Amino acid sequence: NDYAEGSWLTHIVSDLCKVKLASGIGSLDIFDTLIKNINACIRVKLPYMACFSSQRDLLSQWRGYADGGKGIAIGFERSVLEQSMLDFFQSELPSNPGYSSGLAKVFYSTTADLEPWLSPELDKVTQHNYVDAARGLSEFALLFKNPSFSEENEWRIVAVPKRNLFASGWEIVHPALKVQLRFRPVAKGVSSYFEIPSTNSAIQDVVLGPLNKSETDDVVAFLANKLGRRIQVSRSAATY
């Protein structure tokens, strides 16, 4: 729901480049090429993401992501999700290295926040290394968002499996990849995805949305039937 998804870090880099140029540091051609290369690296990687919020009961989340408050929020155990990501990439890395952020916190950073980190990096950028600099920055790009989204307190898993490049475009997935690519229907077509290996212990609790009409006891019984253990179920405190 953010048209600037993946480009917020580039926006900040661009602002800092302008400051550098105004101070007589760097060159317009190099900085312009750096930014173009960051964007190109982001586009070509085609990352897969799973997004979470550390807010278990937030009205804007119910409205935006849970069928207008009729849905549910599932609480996950962080350590189990982190282990699941290790399992995912252990099954992939031996024959087909990609990379992942693991389970990482999203940063809602301003230019001032990132200047101490980015400014020295920009001072080092030359015509000989801007491609490497762009590649490195692009790997962090999906962990930064506009501060206007900060109330979401988002965490996300970003996985970028290795793909093969050939003359006419991307091979959909490397044939040696052990974790298979899957597909599902979405509102506007078909979407590919990966299933992260996990266990029932990942689910810790469930919150029913403010307009969810399910009986709490029914949900408890359903979860016990599916997971083989009792899960805490509560109702949202949000008035809607």
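Which element gives the most to the lining of the second largest pocket? Strand 1 does, with five residues. The legends below cover the pockets, the surface patch, the salt bridges and some backbone details.

This is a predicted model, in which local features need pLDDT of at least 70, side-chain atom pairs count only at pLDDT 80 or more, and totals for chains, interfaces and linings use all residues. Residues are numbered from 1 along each chain as its sequence is written, and side-chain values use heavy atoms, with hydrogens and water left out.

**View 1. The second largest pocket.**
This pocket holds about 740 Å³ of space. Its lining has 25 residues, and Tyr-48, Met-49, Ala-50, Tyr-193 and Phe-194 are the closest to its centre. Strand 1, helix 4, strand 4 and strand 8 (189-193) each give two or more residues to the lining. By class, the lining of the second largest pocket divides into 18 nonpolar, five polar and two charged residues. Ala, Val, Leu, Ile, Met, Phe, Trp, Tyr, Cys and Pro count as nonpolar, Asp, Glu, Lys and Arg as charged, and the others, Gly among them, as polar. A pocket is an open set of points on a 1 Å grid over the protein atoms alone, where a 1.4 Å probe fits, with protein on both sides within 12 Å along at least five of seven lines; lining residues have an atom within 4 Å of a point. Grid points are joined across faces, edges and corners, and the volume is the space filled by probe spheres set on them. Helices (H or I, at least four residues) and strands (E, at least two) are DSSP runs, numbered from the N terminus.

**View 2. The largest pocket.**
The largest pocket has a volume of about 940 Å³. Its lining counts 30 residues; Cys-51, Phe-52, Ser-53, Gln-61 and Ile-74 lie nearest the centre. Two or more lining residues come from each of strand 1 (48-53), helix 3 (59-65), strand 2, helix 4 (78-90), strand 4 (154-160) and strand 9 (203-208). Strand 2 gives the most, with five residues. The lining of the largest pocket has 15 nonpolar, seven polar and eight charged residues.

**View 3. A nonpolar patch on the surface.**
Ile-72, Ile-74 and Phe-76 form the patch, with about 250 Å² of accessible area together. Patch residues have over 30% relative accessible area and no salt bridge; like charges are joined within 9 Å, nonpolar side chains (Val, Leu, Ile, Met, Phe, Trp, Tyr) within 5 Å. Areas come from the Shrake-Rupley method with a 1.4 Å probe, and for residues only the protein chains shown count as cover. Ile-72 sits in strand 2 (residues 72-76). Ile-72 is partly exposed because its relative accessible area is 42%, where buried means under 20%, exposed over 50%, and partly exposed in between (1.4 Å probe, protein chains only).

Side chains of opposite charge can pair when their charged atoms come close. The structure holds nine salt bridges, each a side-chain nitrogen of Lys or Arg within 4 Å of a carboxyl oxygen of Asp or Glu. In this one, Arg-56 and Asp-205 meet at 2.6 Å, N to O. The pair links distant parts of the chain, 149 residues apart: Arg-56 in the loop between strand 1 and helix 3, Asp-205 in strand 9. Arg-56 is partly exposed at 44% relative accessible area. Asp-205 has 15% relative accessibility, so Asp-205 counts as buried.

Arg-182 pairs with Glu-195 in a salt bridge, the closest N and O atoms being 3.8 Å apart. Arg-182 lies in strand 7 (residues 182-186) and Glu-195 in the loop between strand 8 and strand 9, so the pair ties together parts 13 residues apart in sequence. Both ends are partly exposed: Arg-182 at 40%, Glu-195 at 43%. Glu-154 and Arg-156 are buried.

Asp-67 is not a glycine, yet has a positive phi of about 55 degrees. Asp-67 lies in the loop between helix 3 and strand 2. Its relative accessible area is 57%, so Asp-67 is exposed. Asn-153, also not a glycine, has a positive phi of about 45 degrees. Asn-153 lies in the loop between helix 6 (130-138) and strand 4.
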